Amino acid sequence: EKGGYDYFMLKEIAEQPKAVADTLLGRIDAAGSLTLDEVRISASELREVDKVVIVACGTAFHAGLIAKYAIEHWTRIPCEVELASEFRYRDPILDQQTLVIAISQSGETMDTLMALRHAREQGAKVLAICNTNGSTIPRESDAVLYTHAGPEVAVASTKAFLTQLVACYLVALYLGQVRGTKWGDEIHAVIRDLAQIGRQVERVLQTMEPVRELARSLAHKNTVLFLGRHVGYPVALEGALKLKELAYMHAEGFAAGELKHGPIALIEDDLPVVVVVPSPRGRSVLHDKIVSNMQEIRARGARTIVIAEEGDEAVVPYADHLIRIPVTPTLLQPMVAAVPLQVFACELATARGNEVDQPRNLAKSVTVE
Ligand code: M6R
C-alpha cells in the first residue's frame, strides 16, 4: 500500500503532480475557461458577494492565506482568512453577501465545522473545499469543490495542501471570470499556467537529492527559521509547521519585512534560515527587499537556505545553499516552493529517528474542539 516507499508521506509527496492534475481535470474547457458548474452557487449570487472569509486550521489555513492574495488580486473582493478555532468567538461580521470558504482535507475537523455552522446561522453562504467525499463539512455546506488528492494517510499534509491551493486558485479565477475584472487577460494566461503546474511540481521532485542531503546535515540543530514575503510568507509558515510536527524542532515562519521589528535578534552564528524568494520579475521590489534581508541575516552569521527561481542570479552571493524552483506566475509560486520544504521536513524527521507518518501527539483528523 505504500507503493514501494518507506513512508506514506514519501508516497504522497511523489503523488503530487497527479493529485494536481486530477484536481484540474474537467474544470477547464477547451476554450480555456473554467467550468465550475458543480459549485452550486449561481453566477448571480456570486456577483453579489461583497466579502470572502476563509476559515481553516493548520496546513489548510496556510492554503487559505495564499488564497487571499489570489482572490483579492483577481476579483477585488476583500478577503479575510481566519483560524477556524478563533472565528466564531469574536462575533464576526457576516451576512447574505458574505461567501465563507471552509478548507479541510478530512472534512471532519471540529473547529472548521463549528465555524461554518456559525457562518450559516448568520446567513452567509458556505463553500467547502474538501478532499473527502461525503464527509461532514461538505454535507453541511451550501456547495463543495472537491480536491482530488486521493486518500492522504500521513498525518503531515502534503498532496492535500497542493490540491487545496489548486482549488483556491480555481475559485478565485472563477469569481473573476463570473464577475468580470480588468484582469481578464491575466486570468486566461494564469489558467493556462495552472494547467502546466503539475509538470513543474514533477520537475521539482526530480531535483530533491541535495535537499535531502542538506536536511541530514542539519539533524543536530535545534532551531530553523523560515522567511517569506507576499505568497512566500504563508509558504514559510507551512515550512515551519512541517518541521515542528515531523522533526519536533523549534521552527518559526516570519514575514521577511518583520525581521527588523524583532525576530532579527534571534539570528546567531550558523542558525539555519530558509528564505523563500519572490520572483525577480513582476514584483521585483519585493525581490530586492528580500535580497537585502538575506544580506542582513548573513552578516549576523545565519546560514541561508535559499529557495529561488531558476535564472535568479541576484541571490547567489547570499545563498549558503540554493534550491532552484521553476519560473511560475507570482501567485502560483507556492505550488513549487512548498515541495522542497516537505522533502526537507520528512528527511529531517527520518534523520532524527522520528515516526514520519504518525508524529507524536498528533491525529490525522482533529474531531474535538
Ligand atoms: O483535515 P483538515 O484539513 O481540516 O486538517 C487541518 C489540520 O489539522 C491539518 O492541516 C494539520 O495541520 C496537518 N497535520 C498539517 O500537516
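Which residues in α8 meet residues in α13? In this predicted model, the residues on the α8 side are Phe 161, Leu 162, Leu 165, Val 166 and Tyr 169. Their partners in α13 are Pro 334, Met 335, Ala 338, Val 339 and Gln 342. Sorted by class, this contact has nine nonpolar residues and one polar residue, with no charged residues. Helix α8 spans residues 159-179 and helix α13 spans residues 333-351. Their axes come within 10 Å and cross at roughly 170°. Angles over 145 degrees count as roughly antiparallel, and α8 and α13 are therefore roughly antiparallel to each other.

A second helix pair can be described in the same terms, that is, by the angle between the axes and the distance between the axes. Helix α4 (residues 58-75) packs with helix α11 (residues 232-247) at an angle of about 170°, and the two axes are 9 Å apart. That angle makes α4 roughly antiparallel to α11. From α4, the contact draws on Gly 58, Thr 59, His 62, Leu 65, Ile 66 and Tyr 69. These meet Pro 234, Val 235, Leu 237, Glu 238, Leu 241 and Lys 242 in α11. By class, the α4 contact with α11 has seven nonpolar, three polar and two charged residues.

Turning to the ligand, 14 residues lie around it, and those that come nearest are Ser 104, Gln 105, Ser 106, Thr 109 and Glu 245. For Gln 105, a backbone N or O atom lies 2.6 Å from a ligand oxygen atom. Ser 106 places a polar side-chain atom 2.7 Å from an oxygen atom of the ligand. At Ser 157, a polar backbone atom is 2.8 Å from a ligand oxygen atom. On its own, the ligand has 410 Å² of accessible area, and the protein covers 90% of it.

Conventions: Residues are numbered from 1 along each chain as its sequence is written. This is a predicted model: local features need pLDDT of at least 70, side-chain atom pairs count only at pLDDT 80 or more; totals for chains, interfaces and linings use all residues. Side-chain values use heavy atoms; hydrogens and water are left out. Axes are lines fitted to C-alpha atoms, for helices over the stretch in contact, and angles run from 0 to 180 degrees between N-to-C directions. Helices (H or I, at least four residues) and strands (E, at least two) are DSSP runs, numbered from the N terminus. Angles under 35 degrees count as roughly parallel, over 145 as roughly antiparallel, 65 to 115 as roughly perpendicular and the rest as oblique. Contact means heavy atoms within 4.5 Å. Ala, Val, Leu, Ile, Met, Phe, Trp, Tyr, Cys and Pro count as nonpolar, Asp, Glu, Lys and Arg as charged, and the others, Gly among them, as polar. A residue is near a molecule or strand if one of its heavy atoms lies within 4 Å of it. A polar contact is a pair of N or O atoms within 3.5 Å; within protein, one must be able to donate a hydrogen and the other to accept it, and residues adjacent in sequence count only if both atoms are side-chain atoms. Accessible areas come from the Shrake-Rupley method with a 1.4 Å probe; for residues, only the protein chains shown count as cover.
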